[in-house]
Amino acid sequence: LDVLPRPSPQRMALHVRPAAERALRLGHPWLYDASIRDQSREGRPGDLAVVFDRRDRFLAIGLYDPDSPIRVRVLQQGTPATISREWFRERIRRSAALRRPLEVDENTTAYRLVHGENDGLPGLVVDRYSESYVLKLDTAAWLAHLHDVVPALLTEYRPERLVLRFSRSAREALQRHGIDEGCILAGKGIEGPVTFMENGLRFAADLVHGQKTGFFLDQRENRAKVGALIAADTTLRRVLNVFAYTGAFSLYAARAGATRVVSLDVSEPALQSALANFDLNVQWPGVASARHEIAAGDAFELLGRFDEEDKRFDVVIVDPPALARSQADVPVAGRAYRRLAADATRLVRPDGLLVMSSCSSRVTANAFRRLVRQGSRSAGRSLHQLAQTGHPADHPITFPEGDYLKTIYARVT
Ligand SMILES: C[S@@+](CC[C@H](N)C(=O)[O-])C[C@H]1O[C@@H](n2cnc3c(N)ncnc32)[C@H](O)[C@@H]1O
């Protein structure tokens, strides 16, 4: 922590355009650079910016980031606040309260403790993996506040270690400060993957190099639902897990009784971890007896090849990465979702199950449902939707952009 910058002791004052004023009053956590009418001085990452309305009344206080189009991430709106270690501690305590039910479940030891904007700490995520914790930053603006945030976290949770990760958008700015991704902010060093439990299954995650903070914690409830559907229907035995990462859906499927499971992903290291995760769970009869295969390569290519080879499955799970990262990507992402839905439904035997997710917040739940339907129709198949799910409780939603994950469950005829 000693090498980290400190915030300027002086706050900066900003005045904003009317539309931004309205959005802030409604609780939106972002102020874009284009919405700023004037500012009292140039700011550095992490300076505290106080936003005023046209009549110079307090609107919000937040973290300034000159390197991001999201120029201010709002910490508090409506009433002025002193942003201090105690203030951060209060926010962390508040988000901890929401996770109490998960805390008492000894079969699940990994979950999200702080979900950024949606827990009032915009651009800051904390994930727990048993006694190891990962702090992930979307913006270098947080660096200057880690002097307060880290002690607040340590007081609340007492982790064995706290690992620092950056999101892609902040990586360059953070590296400019000479901070290495994966460095340990507190506690013991880290050697290799860390093991944890999710609904009774054991997983190992690479908290330093793995995607996200090492695991896709947001899909926990969907994995459990897929397991329950397979356990309840003995005709669902052959499962294809597309975009499998480290095989989490595959393991739930195998434990529930699937006899043949294929994990497909472009990342060879992720698939090797999937094999290792199967080895960690051989005490489950289903996992020990299932035939698990990995298929490394591009999903768009491999799904077509599987069809040519006449491969068919009872269940196909499709969980692609965010295909629309900005508004401009939406049309391309739409075509990609349609194509994936078409290629995936072709591989589902009649009356089999399709489970398809989108984690692009720019593609709404309604738009996604439409795209999946259009895709399957173009493959000559119809969908009978069984369910559509959203976020688990440890990934709350408080603003439109925070609503990213949706999953469709449908029988394919
Ligand atoms: C959202 S994650 C999947 C998470 C996984 N379902 C789980 O529960 O852990 C998306 C995955 O897609 C993989 N991926 C990205 N592009 C791909 C492509 N073109 N073909 C196959 N896999 C791809 C990434 O390596 C990543 O593992």
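What share of the 413 residues of the protein counts as buried? The figure is 56%. Buried means under 20% relative accessible area, exposed over 50% and partly exposed in between, with a 1.4 Å probe and protein chains only.

This is a predicted model: local features need pLDDT of at least 70, side-chain atom pairs count only at pLDDT 80 or more, and totals for chains, interfaces and linings use all residues. Residues are numbered from 1 along each chain as its sequence is written, and side-chain values use heavy atoms, leaving out hydrogens and water.

**Overall form**

The protein has 12 helices and 20 strands. These are DSSP runs, numbered from the N terminus: helices are H or I with at least four residues, strands E with at least two. The C-alpha trace spans about 65 × 45 × 35 Å along its principal axes. Among contacts (heavy atoms within 4.5 Å) between residues at least 6 apart in sequence, 65% join residues at least 24 apart.

**Cores**

In soluble globular proteins, nonpolar side chains tend to be buried together. A nonpolar core here is a set of buried Ala, Val, Leu, Ile, Met, Phe, Trp, Tyr and Cys residues joined through side-chain atoms within 4.5 Å. The largest one holds 42 residues. Leu124, Leu135, Leu137, Trp142 and Leu146 touch the most other members. Helix α4 (residues 146-157) gives this core its largest share, six residues. Another core lies apart from it, with 35 residues, among them Val287, Ala290, Val355 and Tyr409.

**Helix α1**

Helix α1 covers residues 18-25, and Ala20, Glu21 and Leu24 in it are buried. These three sit on the same side of α1, because their arc around the axis is only 105 degrees. The arc is that of the directions from the helix axis to the C-beta atoms.

Gly27 follows α1, with a positive phi near 95 degrees.

**Aromatic rings**

There are 12 aromatic pairs. Rings of Phe, Tyr and Trp (its six-membered ring) pair if their centres lie within 6.5 Å; planes under 30 degrees apart count as stacked, over 60 as edge-to-face and the rest as tilted. Trp87 and Phe88 form an edge-to-face pair, 5.4 Å centre to centre with 85 degrees between the planes. Trp87 is buried, at 11% relative accessible area. Phe88 is buried too, at 1%. Elsewhere, ring pairs link Tyr129, Phe196, Phe203 and Phe215 into a cluster.
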